[in-house]
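Please keep the sequence and the structure at hand while reading.

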Amino acid sequence: MDAKAPNARYRTEDRIGVLEELLNERYSVRAFLPREVPRETIEQVLKVAQRSASWCNSQPWQVVIASGEAKERFRKLIYAEAASGAPENSDYPFPREYLGVYLARRRESGFQLYNTLGIARGDKAAYARQALENYNFFGAPHVAIIHTTEPLGIYGAVDCGAYVSNFMLAAQALGLGTIAQAALARHSELIRRHFNLGEDRRVVCGISFGYADHAHKVNSYRTSRAAIADTVSFVEWSDTAISPRAN
């Protein structure tokens, strides 16, 4: 498999190999070192992520990155609101319900986290304390807020999802750790006020990032992935229908 794409610097097998390696290495980091990432490294991540595909090339993402004291001020505010039990105000609806295989995958992931941290099954108070760590950004020195414009609706958010994925892969390639956080978007009104965003801006998620603390036990487990047969249906010309999946 030595074929190369037009103008490519690397062989196809090398290109797909690097991509697979990055995807396999990447995980949601829940403990970071305090060391800040150099600005030039952050800008390299942003330059790569900016090449993300979007509908009609609208590139609807806008990014606010807080570091240092600015990050700390934001952390204290959003943590206090989350811990107070104040009503949530996300711009996009969260999943109504997890059913079937989606519920099973969610449970598997959650129990991996709790088991790694020694949290007993059913200890809801400990679950809640761990969830609040989202608002401490898991100790990350930087947090990015991804927001888009209201008129683009759900497809603006979909395009932002592609940007988030590429941001995390670029960060992984540069030796950084990341975690995408929908939890931050539960407090969209606070985010708009704090960062002086327009009322037409819709908060999609946050990304906490920095250098992973590889010695912390919370970073020791990895989630599974479904088999191709569980997620893809191939339709040939001779096929007349797709068999429904029991999900």
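Arg96 and Glu97 bring their side chains together in a salt bridge, with 3.6 Å from N to O, and Arg96 counts as exposed at 76% relative accessibility. The model described here is a predicted one, and the number of salt bridges in it comes to seven. Three of these pairs are set out below.

| Salt bridge | N to O distance |
|---|---|
| Arg11 and Glu13 | 2.7 Å |
| Arg192 and Asp91 | 2.7 Å |
| Arg96 and Glu97 | 3.6 Å |

The pair of Arg192 and Asp91, joined by a salt bridge, links distant parts of the chain: Arg192 belongs to helix H7 (residues 188–194), whereas Asp91 lies in the loop between helix H3 (68–84) and helix H4 (100–117), and the two are 101 residues apart. Arg192 is buried, its relative accessible area being 8%.

The salt bridge between Arg11 and Glu13 has another setting to consider. Arg11 is partly exposed, with a relative accessible area of 35%, and Glu13 is partly exposed as well, with a value of 30%. Salt bridges with shared partners join Arg11, Glu13 and Asp14 into one network.

## Helix H6 and what covers it

Helix H6 (residues 153–173) consists of 21 residues and reaches 31 Å from its first C-alpha to its last, which is close to the 30 Å expected at 1.5 Å a residue. Just after H6, Gly175 adopts a positive phi of about 85 degrees.

## The second largest pocket

Which helices each supply at least two residues of the lining of the second largest pocket? They are H1 and H6, and the largest share of that lining, five residues, comes from H1. The space in this second largest pocket is about 400 Å³. Its lining is made up of Arg9, Tyr10, Arg15, Ile16, Val18, Leu19, Leu22, Leu169, Ala170 and Ala173, of which eight are nonpolar, none is polar and two are charged.

Thr178 is located in strand E3 and is buried, with a relative accessible area of 2%. Neighbours within four places in sequence set aside, Thr178 is in contact with Arg26, Tyr27, Ser28, Val29, Phe32, Phe167, Met168, Ala171, Ile207, Ser208 and Phe209.

Ala31 is located in the loop between H1 and H2 and counts as buried at 5% relative accessibility. How many residues separate Ala31 and Thr178 in sequence? They are 147 residues apart in sequence, and in space their C-alpha atoms are 9.8 Å apart. With residues up to four places away in sequence not counted, Ala31 touches Phe138, Ala212, Asp213, His216, Val218 and Asn219.

Terms used
Residues numbered from 1 in each chain as written. Predicted model: local features only at pLDDT ≥ 70, side-chain atom pairs only at ≥ 80, totals over all residues. Heavy atoms only, no water. Salt bridge = Lys/Arg side-chain N within 4 Å of Asp/Glu carboxyl O. Buried < 20%, exposed > 50% of the residue type's maximum accessible area, 1.4 Å probe, protein only. Helix = DSSP H or I, 4+ residues; strand = E, 2+ residues; numbered from the N terminus. Expected span 1.5 Å × (residues − 1). 1 Å grid on protein atoms, 1.4 Å probe; cavity = no way out; pocket = protein on both sides within 12 Å on 5 of 7 lines; lining within 4 Å. Points joined across faces, edges and corners; volume = space filled by probe spheres on them. Nonpolar A, V, L, I, M, F, W, Y, C, P; charged D, E, K, R; others polar. Contact = heavy atoms within 4.5 Å.
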